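The exercises below concern one protein model. Work through each task before reading its solution.

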Amino acid sequence: MIKLIATDMDGTLLNAAHEISQENVDAIKYAQSQGITVAIATGRAFYEANTPVAETDLSVPYICLNGAEVRDESFNIMNTSNLNHELVERIKSILDKNDVYYQIYTNRGIYTEDPTKDLDIYLDIAKQAGQEADVEKIKQAIQKRINNGTLKVVNSYEEIEDIPGELIMKVLAFNPDLEKINAIGAELSAIPSLAISSSSRGNLEITHFDAQKGIALESIANQLNIDLKDVMALGDNLNDVSMLERVGYPVAVENAMPEVKAVAKYITDTNENSGVGKAIMKLLKEENN
């Protein structure tokens, strides 16, 4: 019996406009009305993850930064897992020697040395998805993030660790050369304290080994005294696999990567067609029959 649901955001809960459809909202509310906890599990930082949720009237706990930060429905931080100085230096050394662009995510914001590279990332993501990117709209969105302080421009990443209270939670690396980025991922994976995953083609999400969606979801389940066989998880990309491998109801959206579909028991509709909402209603109705 499903007692806890966790859903990824980008490519899963959100459509291409980064919105949560009304069908998805209604299904989540229905699950909550049945006493089921529904959580967001994303690679996004909280301040990015909360934006589309705030446009609805949903109240949910958050697994952010692939599990590096967990917050309850009131946004209180319940758990964090950061990268220490030694690990950060090893990551930066590998990325710098390969001339790979990366951002650094902390407990307070996202840091970049070159915001023009962010534009290149968004353009490539749109290209990989077969979409026509609106360059001006993307530029405006990047500038808005800089203006509101969620995207911080620094001359050097060396400045970050000198800021009191700043904790580095994730490094997001990007390169359109898939062979190159895969080789770097393999090199980083050899470091035992790191977890390496991906949320889209050409990127690497680098966190502490303890910061994985599956580990964070298991922690929430334990706190609620819920067996993992009674948990449903939905996703589309490699950073969702650690969730799907652990739960009794692993669901992949139709647009998911083949590796994700391979570990799923159920395949639902695409993110554009409210696959999350459809899967929730289908499985809950089957249980009630």
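Predicted model: local features only at pLDDT ≥ 70, side-chain atom pairs only at ≥ 80, totals over all residues.

**Exercise 1.** Where is the place of S274, and is S274 buried or exposed?

Solution. Step one: S274 belongs to the loop between strand 14 and helix 11 (275-288). Step two: S274, a residue other than glycine, has a positive phi near 55°. Step three: with a relative accessible area of 6%, S274 falls under the 20% cut-off and is therefore buried.

**Exercise 2.** In what order do the strands of the open sheet lie, and which strands stand at the edges?

Solution. Step one: the open sheet has 8 strands in the order 5-4-3-2-1-12-13-14, with mixed pairing. Step two: strand 5 (77-80) and strand 14 (266-268) each have a single partner strand, so one side of each lacks a neighbour in the sheet. Step three: from one strand to the next, the twist averages 20°.

**Exercise 3.** Describe the pairing of strand 3 and strand 4, and the helix that lies across them.

Solution. Step one: strand 3 (residues 62-64) and strand 4 (residues 69-71) are antiparallel and pair over 3 bridges. Step two: I63 has V70 in strand 4 as its bridge partner. Step three: helix 3 (residues 46-54) lies across strand 2 (37-41), strand 3 and strand 4, and runs at about 140° to strand 3.

Definitions and conventions
Residues numbered from 1 in each chain as written. Heavy atoms only, no water. Pairing = 2+ DSSP bridges. Helix = DSSP H or I, 4+ residues; strand = E, 2+ residues; numbered from the N terminus. Axes fitted to C-alpha atoms, helices over the stretch in contact; angles between N-to-C directions. Contact = heavy atoms within 4.5 Å. Buried < 20%, exposed > 50% of the residue type's maximum accessible area, 1.4 Å probe, protein only.
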